[in-house]
Number of protein chains: 2
Amino acid sequence: MPVDLELSPKHKRANGSPCCEPVVYPDVQREEALRMAEVAKALGDPIRLQLVDVLRKHAGKVCVCELVPLFDISQPTLSHHLKKLRDAGIVDSERQGLWAYYYVIPDALEGLSAWLS
Amino acid sequence: MPVDLELSPKHKRANGSPCCEPVVYPDVQREEALRMAEVAKALGDPIRLQLVDVLRKHAGKVCVCELVPLFDISQPTLSHHLKKLRDAGIVDSERQGLWAYYYVIPDALEGLSAWLS
DNA sequence: GTATTACATCGACAGTCGTGAGTCTTATTG
DNA sequence: CAATAAGACTCACGACTGTCGATGTAATAC
């Protein structure tokens with residue numbers, strides 16, 4: 001329910017004077033925005049978003065070798081995307097012999113999710 | 001409640017044969033992932049995320065001249081970010097004389113928000 | 001031991017990004 | 001009319017991105 005509060009007819013301002021009452025902006029938001037933007041950026045690639053989707057739906061740890069055939073990209077590229085997700089703190093991995101198992105870090109998406117709701 | 005379903009000790013596979021039972025991946029997700037990644041990418045910059053935050057909290061249309069003093073970037077750069085948000089379908093604008101008023105498109109974030117929840 | 005497999009890292013490439021300075025268009029003011 | 005202001009656009013710059021092929025590392029299989 002957007003309310004059009006004062007779409008006031010504005011006036012050209014003298015060069016030094018402020019144009020309008022600036023919208024207040026809480027400083028607390030700033031570092032939180034940095035973190036949320038970091039997560040959003042990591043999700044800002046279709047393949048990474050689908051990777052997270054698969055990992056979440058699987059509700060457990062998924063071997064990289066299971067992920068490779070799902071996407072039409074090379075193994076090094078997939079590894080690169082997984083690293084991006086790791087760097088963003090969204091997923092983590094666990095080595096077991098030759099195999100690496102990935103999983104979504106619980107609550108890693110909660111901040112962004114809460115803000116979006 | 002992550003359940004470790006069969007972290008089966010895997011075996012090295014012969015070169016041609018499949019390594020593991022690949023996780024199924026619904027094709028429906030694919031275009032939806034494209035759209036959500038587009039939105040996430042647009043939110044993947046702290047300034048743009050804060051811009052959307054301001055526009056949402058204001059619950060109405062906000063003049064660009066009110067946005068400029070909130071951020072430590074030049075006016076052309078702010079305009080550039082607003083264009084990115086417009087291209088991603090997150091915000092839209094409305095000209096009124098010299099002034100441009102921006103607002104968040106209702107439900108633009110709903111897809112991503114629902115997926116994250 | 002050697003060969004092979006899983007996965008990560010490196011190097012290189014074209015493409016995109018965020019940024020500011022400058023310019024342009026349009027509308028208001030006088 | 002001329003001057004000025006708001007905001008979008010253009011250009012250029014360095015930085016980063018997604019991609020692949022090649023290479024490196026470590027563990028398994030023989």
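Tutor: Begin at a hairpin. Strand 2 and strand 3 of chain B form one, with two residues between them. Gly97(B), in the turn, has a positive phi of about 65°. Strands here are DSSP E runs of at least two residues and helices are H or I runs of at least four, numbered from the N terminus.

Student: What are the conventions for this model?

Tutor: The model is predicted; local features need pLDDT of at least 70, side-chain atom pairs count only at pLDDT 80 or more, and totals for chains, interfaces and linings use all residues. Residues are numbered from 1 along each chain as its sequence is written, and chains are lettered from A and ligands numbered from 1 in the order in which they are written.

Student: In which sense do strand 2 and strand 3 of chain B pair, and over how many bridges?

Tutor: Pairing requires at least two bridges found by DSSP. These two strands of chain B run antiparallel, over six bridges. Val91(B) has Val104(B) in strand 3 as its bridge partner.

Student: Is Gly97(B) buried or exposed?

Tutor: Count other C-beta atoms within 10 Å, placed from the backbone: 20 or more is buried, 12 or fewer exposed, in between partly exposed. Gly97(B) is exposed because the count is 8. Its place is the loop between strand 2 (91-96) and strand 3 (99-104) of chain B.

Student: How do I read a helix?

Tutor: Check the span first. The expected value is 1.5 Å times one less than the number of residues. Helix 1 (residues 28-42) of chain B has 15 residues and reaches 23 Å from first C-alpha to last, close to the expected 21 Å.

Student: Which residues of helix 1 of chain B are buried?

Tutor: An α-helix has 3.6 residues a turn, so residues three or four places apart point the same way. In helix 1 of chain B the buried residues include Ala33(B), Met36(B), Ala37(B) and Ala40(B). The buried residues of this helix pack against helix 1 (28-42) and helix 2 (46-58) of chain A. Within chain B, they pack against helix 2 (46-58), helix 4 (75-87) and helix 5 (110-116).

Student: What is the mean pLDDT of chain A?

Tutor: pLDDT is the predictor's confidence in each residue, from 0 to 100. Chain A averages 85, and 79% of its residues reach 70 or more. Over residues 1-9 of chain A, pLDDT is below 50.

Student: And the order of elements in chain A?

Tutor: From the N terminus, they run α-α-β-α-α-β-β-α.

Conventions:
Two residues are in contact if their C-beta atoms, placed from the backbone, lie within 7 Å.
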